[in-house]
Amino acid sequence: MAENDDASRGPVSRGDVAPQPLFAVAAVLLGSFLANFDSRLTTIGLPDLRGAFSLTFDEGAWLSTAGIGSQILIAPAVAWLATVFGLRRVLGIPSLVYAAVSLIIPLVRDYPILMALSVVHGLLLGTFVPATLMIVLRNLPIRWWLPAISLYSIRVGFALDTSSSLVGFYVDHLGWQWLYWQGVVIAPLMGLMVYLGTPSEPVNRALLREADWGGMLLLGAAVSMIYAGLDQGNRLNWFGSGTVMALLVAGAVLFAGFLVNESLVRQPWAHVNVLFSRNIGLSLVVILLYTLTSLSNSSLVPNFLGNIGLLRPEQSGLLLLTYGALPMFVLVPISIWLLRHFDARVVVVLGFACFAAANLWGTQLTHDWAREDFIGIVLLQAVGQSLTLLPIIIMALSNSDPSRATSFAAYIQIMRLGGAEIGVALMGTWLRVREQIHSFYLGQNLAVGDTDVVRILKQLADHFAAHGAGSAPARAVGTLASFVQREANVLAYIDGFWLCFWLAMVALGFIALITRAPPGPFTPAPFGFAKMLLRKCGVPVT
């Protein structure tokens with residue numbers, strides 16, 4: 001009975017210790033950073049890609065959706081594939097194919113071929129992040145886990161803060177093609193590090209015979225269709241679009257089918273039993289709230305500087321690089337030290353408190369804010385990034401069964417990719433709706449014939465009269481309308497910071513519900529920090 005119950009929770013994940021841990025850590029670093037950089041570069045550089053490929057706005061939007069959606073299709077199954085076939089097979093050959101596809105894409109001009117290559121590109125890219133996390137859990141000695149997972153976790157914040165600068169550098173100095181060609185250099189190097197740093201493992205034929213292919217296909221297809229609906233929702237007017245509704249409904253039906261499948265098959269691939277823990281469920285919710293809260297860093301600041309400050313990506317990216325990415329080299333070791341001596345919940349509280357403070361600061365926004373006015377906010381967000389995601393991952397792993405990492409990793413990938421897309425869709429819709437509301441209310445105060453409105457229009461018309469008296473009144477009205485739109489956008493961004501602030505406060509509430517994790521490799525010894533201080537003071541401690 002116990003054996004059947006054990007099998008119902010999914011395959012056991014075991015692996016040999018890496019012969020060269022430094023190479024394995026390098027593979028983790030390269031794989032996770034490449035995946036996040038690639039996704040961010042193609043998103044931020046999409047206007048340049050549309051121009052280079054001669055794409056319409058709709059074609060460019062679907063190109064981005066196809067690339068990221070295919071990542072989501074494969075990502076949940078990668079941990080299982082690595083358990084069955086070994087990390088060398090899952091990352092070695094795909095890294096070389098990925099490099100070849102990255103080399104070819106900039107040379108293509110036929111849109112259907114471009115879409116097909118983008119899907120293949122995304123599928124291969126989707127293997128990198130889940131597989132690199134499996135390297136940590138299956139092949140590294142326990143003492144390497146915390147430093148390696150810290151590299152895995154900071155890739156998000158580091159990619160967010162450096163991608164704008166990198167896009168500007170590629171486009172202005174090397175050419176837009178390097179948005180893809182960077183993978184030609186990095187992916188084979190990552191494959192080499194995997195080959196040198198992970199042991200050669202035979203194919204697990206027992207698991208292969210019991211493969212839950214239906215469950216993997218159902219979950220991957222469900223989540224990728226929901227993602228596509230969310231990604232296109234803001235552009236196609238959500239429930240007013242038959243395409244968006246079809247994608248969302250079909251994704252929900254497939255997900256329901258996945259749950260039914262996992263309850264019926266003899267050896268489910270990722271049964272929900274692995275989530276039947278209060279702390280694990282709450283940790284996944286906190287991961288989702290982290291992705292939403294960190295939107296103030298990835299979306300609000302650079303978008304404000306681009307839309308209101310009229311800065312190019314490389315101009316706003318310098319701020320994020322200098323005060324967001326570089327401080328992480330100091331902050332992450334501090335985060336590791338804190339996790340070795342304090343409960344992870346305490347560190348997460350500090351991280352979300354920094355996010356809350358940064359967002360509260362952002363609510364003081366005005367249209368006069370320039371790049372330098374965001375320095376304090378970006379610094380606080382860097383502290384929040386460094387003290388939040390790593391401890392959340394540690395909390396989740398501390399409360400899970402490491403031997404069930406294959407099943408648990410599937411849900412981690414859903415939260416990682418799905419949560420980010422939910423956040424982007426939520427913030428895009430929030431800003432659009434709030435801008436429309438503020439435009440309406442500001443317009444209500446600009447009544448025709450109002451004394452202040454007449455005075456401002458006259459001042460503007462007098463200013464433009466020197467360049468043509470006939471067009472001056474029309475230009476004055478257009479300028480006043482642009483002022484209203486600008487202020488409406490500023491108010492919408494302020495509302496965005498308020499939204500992220502309250503999400504951070506909600507996250508703090510969920511953290512308060514998480515109980516202490518059982519003793520394990522990630523949990524500090526009780527009173528360990530106090531004992532260390534007493535020993536340094538010369539007090540004998542047993």
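Student: Where does Asn-237 lie?
Tutor: In this predicted model, Asn-237 lies in the loop between helix H11 (213-236) and helix H12 (242-264). Helices here are DSSP runs of H or I with at least four residues, strands are runs of E with at least two, and both are numbered from the N terminus.

Student: What is the phi of Asn-237?
Tutor: Asn-237 has a positive phi of about 70°, although it is not a glycine. Most residues other than glycine have a negative phi.

Student: And what about Ser-54, what's its phi?
Tutor: Ser-54 also isn't a glycine, and its phi is positive at about 60°. Ser-54 sits in the loop between helix H3 (46-53) and H4.

Student: Buried or exposed, that Ser-54?
Tutor: Exposed, because its relative accessibility is 64%. The cut-offs are under 20% relative accessible area for buried, over 50% for exposed, and partly exposed in between, with a 1.4 Å probe and protein chains only.

Student: Before we go on, how are the residues numbered, and what pLDDT do local features need?
Tutor: Residues are numbered from 1 along each chain as its sequence is written, and side-chain values use heavy atoms, with hydrogens and water left out. Since this is a predicted model, local features need pLDDT of at least 70 and side-chain atom pairs count only at pLDDT 80 or more, while totals for chains, interfaces and linings use all residues.

Student: OK, zooming out. How many helices and strands are in the chain?
Tutor: The chain has 22 helices and zero strands. Of its 542 residues, 53% are buried.

Student: How much accessible surface does the chain have?
Tutor: About 23,300 Å², with 68% of that belonging to carbon and sulfur atoms. The areas come from the Shrake-Rupley method with a 1.4 Å probe, and for residues only the protein chains shown count as cover.

Student: What share of the contacts comes from residues 24 or more positions apart?
Tutor: 85%, taken over the contacts in the chain with a separation of 6 or more. Contact means heavy atoms within 4.5 Å.

Student: Helix packing next. At what angle do H4 and H6 cross?
Tutor: The axes of H4 (residues 57-85) and H6 (residues 111-125) cross at roughly 30° and come within 7 Å. That makes H4 roughly parallel to H6. Under 35 degrees counts as roughly parallel, over 145 as roughly antiparallel, 65 to 115 as roughly perpendicular, and the rest as oblique. Axes are lines fitted to C-alpha atoms, for helices over the stretch in contact, and angles run from 0 to 180 degrees between N-to-C directions.

Student: Which residues make the contact?
Tutor: From H4 they include Glu-59, Trp-62, Leu-63 and Ala-66, and from H6 they include Tyr-111, Leu-114, Met-115 and Ser-118. The residues of the H4 and H6 contact divide into eleven nonpolar, five polar and one charged. Ala, Val, Leu, Ile, Met, Phe, Trp, Tyr, Cys and Pro count as nonpolar, Asp, Glu, Lys and Arg as charged, and the others, Gly among them, as polar.

Student: And Ala-77, what does that touch?
Tutor: Ala-77, found in helix H4, touches Met-216 and Trp-269, not counting residues up to four places away in sequence. At 8% relative accessibility, Ala-77 counts as buried.

Student: Switching to H13. How do H13 and H18 pack?
Tutor: H13 (residues 278-293) and H18 (residues 375-398) pack at an angle of about 155°, and their axes are 9 Å apart. H13 and H18 are therefore roughly antiparallel to each other. Among the residues that meet are Ile-280 and Ser-283 in H13 and Gln-385 and Thr-388 in H18. The contact of H13 with H18 has eight nonpolar, three polar and no charged residues.

Student: What about H13 and H17, what's the angle there?
Tutor: About 30°, with the axes of H13 and H17 (residues 344-362) 11 Å apart. That makes H13 roughly parallel to H17. Val-286, Leu-289, Tyr-290 and Thr-293 in H13 meet Phe-352, Phe-355 and Asn-359 in H17.

Student: Last one: where does His-438 lie, and what does it touch?
Tutor: His-438 lies in helix H19 (residues 405-444). It touches Ala-488, Leu-491, Ala-492 and Asp-495, not counting residues up to four places away in sequence. His-438 is buried, with a relative accessible area of 14%.
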